[in-house]
Structures are given as C-alpha cells and as structure tokens.
Amino acid sequence: MKQLSELVRPNIWALKPYSCARDEFKGFKADVFIDANENPYPNGVNRYPDPLQEDVKKVVSPMKGVPVENIFFGNGSDEAIDLPFRIFCRPGVDNVVAIDPTYGMYEVCADVNDVEYRKVPLLDKYDLDVDGLLAACDENTKIIFICSPNNPTGNAFQREKIEQVLTRFQGIVIIDEAYSEFSAQRPFRLDLEKYPNMIVLNTFSKAMGCAGIRLGMAFASTEIIGLFNKVKYPYNVNVLTQQKALEVLGNVTLLQRHISMILEERDTLMQAFVTLPICKEIYPTDANFFLAKVTDADKIYRYLVGRGIVVRNRNRVNLCGECLRITIGTKDENTKLLAALRQYV
C-alpha cells in the first residue's frame with residue numbers, strides 16, 4: 001500500500017485533536033473531578049463517559065481476538081463508515097469503489113461527504129468481481145468497500161478473492177463483517193498485522209442483539225485507529241451504551257445460544273420457504289437473513305404488511321429484481337410468516 005501519510009487528507013494528517021478533560025489526567029488516579037464543568041451531584045449519568053471506552057474494549061478484545069489498541073468504538077457502525085470518508089477522501093476530488101448491490105450507507109456517506117461513489121456489479125451468483133473492482137480505481141480512489149457476508153445477498157465472498165483486493169490495491173480496503181458471527185469463514189479482523197491497509201467493521205447490532213444501544217466497531221492498525229480517535233467527536237459513545245454493552249458481554253453463553261438458535265431457525269425456515277408456491281429461488285446465505293426471489297415481490301410485500309408482518313422488499317435494488325430479504329426471527333415469528341404465505345393467493 002501507499003504510505004498512510006499519502007492516503008490521509010493533508011488537513012487531517014496535520015490536525016491537532018480536541019483534548020477533552022478526561023484525556024489530560026490519564027495515568028493518574030483521582031477522586032475529585034472539578035475539571036469538566038459537570039454537575040457534581042450523582043445521578044448515574046452526571047459525569048462524561050470514558051472517551052475511549054477502555055472497559056468495554058478490554059472485554060471485547062479477547063472475544064474478538066483483537067488487541068485493545070486496534071479497536072475503535074463508534075456511535076453505531078454508521079460512524080465507523082463515515083469517519084474513513086472524512087479521514088481519507090478529499091471532497092469533490094477523491095472517489096471510493098464498492099460492490100453493487102451492497103449496504104446502502106456507504107453510498108449515503110459518500111454523498112454526504114461529496115465523494116464520488118463508483119459501483120461495480122457483482123458477477124453471477126453474486127460473486128465478487130476482483131478485476132472489475134480494481135479496474136474501476138484510479139489515482140484518486142482512496143477506499144474500496146466490501147461487505148462480506150454481503151447485504152442484501154447474504155453470501156460471504158471467497159477469502160482468496162478479498163485477499164487479492166487487499167494485496168493489489170494501494171489504498172484502504174474496508175471489509176464490513178457485520179454478519180461474520182453467522183458465517184463459518186475465518187474473519188479478516190484476525191489478520192490485521194498481515195494487511196495494514198485494511199479496516200474491518202463489526203457491530204453490536206446483529207449477533208450480539210444490541211441494535212438499540214447503537215455501538216459499532218472498527219478494527220485496524222494502531223495508526224489508523226489513532227486517526228479515527230483524532231477525528232471522532234470526543235465523547236461519541238455515551239455512558240448508558242457502555243454500561244449496557246458490559247452487561248450484555250457479561251453473558252457470553254447466552255449470546256452464543258442465541259446465535260445457535262438463529263442458525264437452526266435459518267435452516268428450518270429456508271427449507272420450508274423453498275416449498276412455497278410463491279418461491280422461485282433462495283440464494284445461499286452466511287448471514288442471519290436470506291434473499292428469496294418470489295413471484296411478485298411488491299404484491300407479496302404489501303400482503304404481508306397487511307398481515308402485520310414486515311420483511312424487506314429489495315425488488316428495486318440492482319440484481320435483486322422480485323426479491324424479498326427475510327431476517328430470521330424467533331420460531332413463533334417464522335411460523336407466522338410461513339402460515340401467512342401459505343394462505344397467499
């Protein structure tokens with residue numbers, strides 16, 4: 001890859017980050033805090049949170065197999081997606097390249113940051129087009145986005161193909177592994193030392209069952225994590241989110257049981273769904289959802305909404321014509337979905 005200083009926006013490289021009160025006394029013990037203009041009377045949230053979420057990182061580190069210094073926490077994965085645009089991409093000059101179809105927030109963040117977003121369609125069977133991705137790049141391409149397992153297609157791409165992108169591209173490669181806990185493939189976050197140009201995204205929203213607390217993760221080299229921390233807002237993850245994360249992380253057995261239940265239900269639901277008259281094809285998945293081609297996606301979607309069941313209509317997404325995306329629910333929810341579709345005429 002190019003030197004990091006060549007990829008980062010010059011103003012960001014030279015940026016002096018805001019120094020918050022909690023950073024300045026690090027390394028010392030204190031029990032009197034009269035430095036941050038807080039209300040001193042305790043109510044559980046009267047103090048600012050740890051700006052680097054050290055306690056949560058210490059618990060996540062062994063779970064994810066990533067050292068603390070290689071972890072960034074953001075206000076949802078959206079922050080971890082947006083920050084690379086602000087760090088690496090000059091508005092109106094640079095561009096990023098991404099697979100298509102994929103998670104829509106990459107393009108939204110590109111538009112917000114005035115960065116050209118170049119789409120490269122997936123191949124047959126939603127396979128990764130390595131040569132197409134690299135051909136779409138030029139001297140102003142700073143980032144390639146790859147979501148694996150991909151949303152909305154559900155499939156994980158062959159590691160060898162992603163490795164080709166990592167070794168042949170001179171810029172930053174962002175691999176979004178939001179659904180990696182549902183896949184048997186080795187996660188790329190375990191190979192940070194091998195690929196210094198790689199940023200791996202993960203989230204508390206999917207397998208960890210914490211969509212409501214809005215906590216996203218990025219794993220990268222210490223240098224890139226340092227840039228994230230330089231540009232982020234000082235107290236980007238609030239006290240309540242950090243407390244709830246620690247509470248959930250305290251019961252790993254329950255987390256693993258829920259993942260196993262979702263995988264079991266995924267197999268059961270897919271086997272039943274493929275027998276429905278409305279189903280034309282189900283695509284292989286490594287996520288907690290599957291993509292299904294149906295007879296009339298718009299009509300079936302409206303019918304299900306009328307029955308109080310909400311799925312995701314992907315009919316207007318590139319390469320997903322007449323497709324619905326079905327998230328794996330509880331056994332009861334999946335039973336209700338199947339019952340409704342068996343009554344559809």
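1. Ala, Val, Leu, Ile, Met, Phe, Trp, Tyr, Cys and Pro count as nonpolar, Asp, Glu, Lys and Arg as charged, and the others, Gly among them, as polar. By that scheme, the lining of the largest cavity has three nonpolar, four polar and two charged residues.

2. The model is predicted: local features need pLDDT of at least 70, side-chain atom pairs count only at pLDDT 80 or more, and totals for chains, interfaces and linings use all residues. Residues are numbered from 1 along each chain as its sequence is written, and side-chain values use heavy atoms, with hydrogens and water left out.

3. One cavity of 30 Å³ or more is found in the whole structure. A cavity is a set of points, on a 1 Å grid over the protein atoms alone, where a 1.4 Å probe fits but cannot get out; lining residues have an atom within 4 Å of a point. The largest cavity holds about 40 Å³ of space. Its lining consists of Ser148, Pro149, Ala156, Glu177, Ser180, Ser183, Gln185, Arg186 and Pro187.

4. Helices α5 (residues 76-88) and α9 (residues 222-231) have axes that come within 10 Å and cross at roughly 95°. The two are therefore roughly perpendicular (65 to 115 degrees). Ala80, Leu83, Pro84, Arg86 and Ile87 of α5 make the contact with Leu227, Phe228 and Val231 of α9 (heavy atoms within 4.5 Å). Seven of these residues are nonpolar, none polar and one charged.

5. There are 10 aromatic pairs in the structure (ring centres within 6.5 Å). Among them, Phe85 and Phe145 are stacked, at 5.6 Å centre to centre with 20° between the planes (stacked is under 30 degrees). This pair joins distant parts of the chain, 60 residues apart: Phe85 lies in helix α5 and Phe145 in strand β4 (residues 141-147).

Technical notes: Axes are lines fitted to C-alpha atoms, for helices over the stretch in contact, and angles run from 0 to 180 degrees between N-to-C directions. Helices (H or I, at least four residues) and strands (E, at least two) are DSSP runs, numbered from the N terminus. Angles under 35 degrees count as roughly parallel, over 145 as roughly antiparallel, 65 to 115 as roughly perpendicular and the rest as oblique. On a 1 Å grid over the protein atoms alone, a cavity is a set of points where a 1.4 Å probe fits but cannot get out, and a pocket is an open set with protein on both sides within 12 Å along at least five of seven lines; lining residues have an atom within 4 Å of a point. Grid points are joined across faces, edges and corners, and a volume is the space filled by probe spheres set on the points. Rings of Phe, Tyr and Trp (its six-membered ring) pair if their centres lie within 6.5 Å; planes under 30 degrees apart count as stacked, over 60 as edge-to-face and the rest as tilted.
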